[in-house]
There are 2 protein chains.
Amino acid sequence: MQPASLLGQLIEALRCLPGVGPKSAQRMAFHLLERNRAGGMHLAQTLQVAMERIGRCSVCRDLTENSLCRICSDEKRNPAQLCVVESPSDVLAIEQATGYQGRYFVLMGRLSPLDGIGPAQLGLDELAAKLRDDPPAELIIATNPTVEGEATAYYLQRMAQKSGVRASRITHGVPLGGELEYTDQSTIAHAFSSRQYIQDPS
Amino acid sequence: MQPASLLGQLIEALRCLPGVGPKSAQRMAFHLLERNRAGGMHLAQTLQVAMERIGRCSVCRDLTENSLCRICSDEKRNPAQLCVVESPSDVLAIEQATGYQGRYFVLMGRLSPLDGIGPAQLGLDELAAKLRDDPPAELIIATNPTVEGEATAYYLQRMAQKSGVRASRITHGVPLGGELEYTDQSTIAHAFSSRQYIQDPS
C-alpha cells in the first residue's frame, strides 16, 4: 500500500477533534488549504504551544500555562469561598454566567470507582489539607447533577463537615442528568445564586 | 484588558475551522488538553507541514505536496479521458465512488463574473492549450449542477467543441442545486456511469 498523501494525513489528524468524522475532517482540510492557510498556520502554532505549555495550577488544579492560574494569582478573589467543580470547562461556565468572586478547586473528574477514579485521582487529599490548614468560610459544591457527580458532592460534603467548614450545593435549575458545560447561562446563574446550605444529616 | 490566556488563544484559533463556533471550539480545546495531548501535538505538526508544503499540481491544478499529483504521476491512468471538476473534494468524491481511470482537471472554482472569477482564474487558458496540443478523446464535465456550475459546463462544452473534442456531462442523479461533495456515493456512481454525450447544438 502506498503511504498516505500529506492531505490524507491531515484529514486523519483532524479526526482527533471531538465530533469530527471523516466528512467533516475532509471539509476542514479543504477549507484551510483552499481558503484560509494563514488561519491554519496560526492554529498549528497555537496548538503546539498550548499542548506543550499548558499544565495544571499548583493550587486549584485548573489548566494554565503558569504555575498559578489567573484566578489563583488574582489577589482580589475572595479566599473565603471555595467552589469545587469537575472540570476546567465548568470554571469557564461559572465565570461567564455569574459574578462569583471566590476561588475554585478543579477535580478533573468525578468519583467513579468502576473506572478506577477515587479520591486520590481527584486531588481530594490536597483539598482535605487545605480545608484543615487554611479553611474557607464556605465550600460551594458545583459538581454536575449526575449520579457520579452527586456521589462526589456527598463525599465533599462529608469532608467539609469533618473540617467544620460550611458546605453549600448549587441548587436545582441545572437540568438533572445534564452537564454544566452545556447549560444556558441564566440557568447556571439561577442555580448558583440560589444555592442552599446543607443541613447536617446526623 | 489582560492579554488572552494560552487556552483562550487556542479556543480562538480553533474557530478558523468551518462549522466551529465558540462552544465547539471550547469543547475541542478541553478535549485535547485533558484527554488527547498526543493527538493535539500530532495535529499541530501535520497541520503546519500541510499548510507549508501542499501546493497545486502543475498539470491538473489539484492539491498536492509534489509538483505532480498522485493521479497525474500515475502512468496507468488513461490520458484519453479528462474529467473537469470544480474542486479537489470533487476529485476525492469521484475517486471514492467510481472506478474512473482517466485524469482530472481541477478548476478551483466556477465561472462567477460577479465575484471576479473568469476563465483566467479557473486556468481555462491552460485547459484550452491542453485541448489544442494534446487533446483527450473525451472531456467529462463534472461541474456541480448549480446555476454557476451549469454556466461553467456550457463554457467548457464550447471549448471542447472548438477543439473537436467529444464532451460529456455527468447526468441527472446528482440532486439539482446540491454539491458533489455532499452527495451519497451511489448517486455519484450512477450519474458518472450514465453520462451522456452532448449533441452539437448548431
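This is a predicted model: local features need pLDDT of at least 70, side-chain atom pairs count only at pLDDT 80 or more; totals for chains, interfaces and linings use all residues.
Me: What makes A:E126 and A:R61 a salt bridge?
Reply: The term requires a side-chain nitrogen of Lys or Arg within 4 Å of a carboxyl oxygen of Asp or Glu; the closest N and O atoms of A:E126 and A:R61 are 3.8 Å apart, so the pair qualifies. A:E126 belongs to helix 5 (residues 124–133) of chain A and A:R61 to the loop between strand 1 (55–56) and strand 2 (63–64) of chain A, so the pair ties together parts that are 65 residues apart in sequence. Over all chains the rule counts 10 salt bridges, yet between chain B and chain A the count is 0.

Me: How do you know which residues make up the contact of chain B and chain A?
Reply: Contact means heavy atoms within 4.5 Å, and 54 residues from chain B and 54 residues from chain A take part. The buried area, which is the accessible area (1.4 Å probe) lost on putting two parts together, summed over both, is about 5,200 Å², with carbon and sulfur atoms giving 70%.

Me: Which helix of chain B gives the most to the side that touches chain A?
Reply: Helix 3 of chain B does, with 16 residues; a helix here is a DSSP run of H or I with at least four residues, a strand is a run of E with at least two, and both are numbered from the N terminus.

Me: Why is strand 4 of chain B called an edge strand?
Reply: Two strands pair if DSSP finds at least two bridges between them, and in chain B 5 strands form an open sheet in the order 4-3-5-6-7, with mixed pairing. Strand 4 (102–106) and strand 7 (196–197) of chain B each pair on one side only, which makes them the edge strands. Strand 5 (residues 138–141) and strand 6 (residues 166–169) of chain B pair in the parallel sense over 4 bridges, and B:E138 stands opposite B:R166 in strand 6.

Conventions. Residues are numbered from 1 along each chain as its sequence is written. Chains are lettered from A and ligands numbered from 1 in the order in which they are written. Side-chain values use heavy atoms; hydrogens and water are left out.
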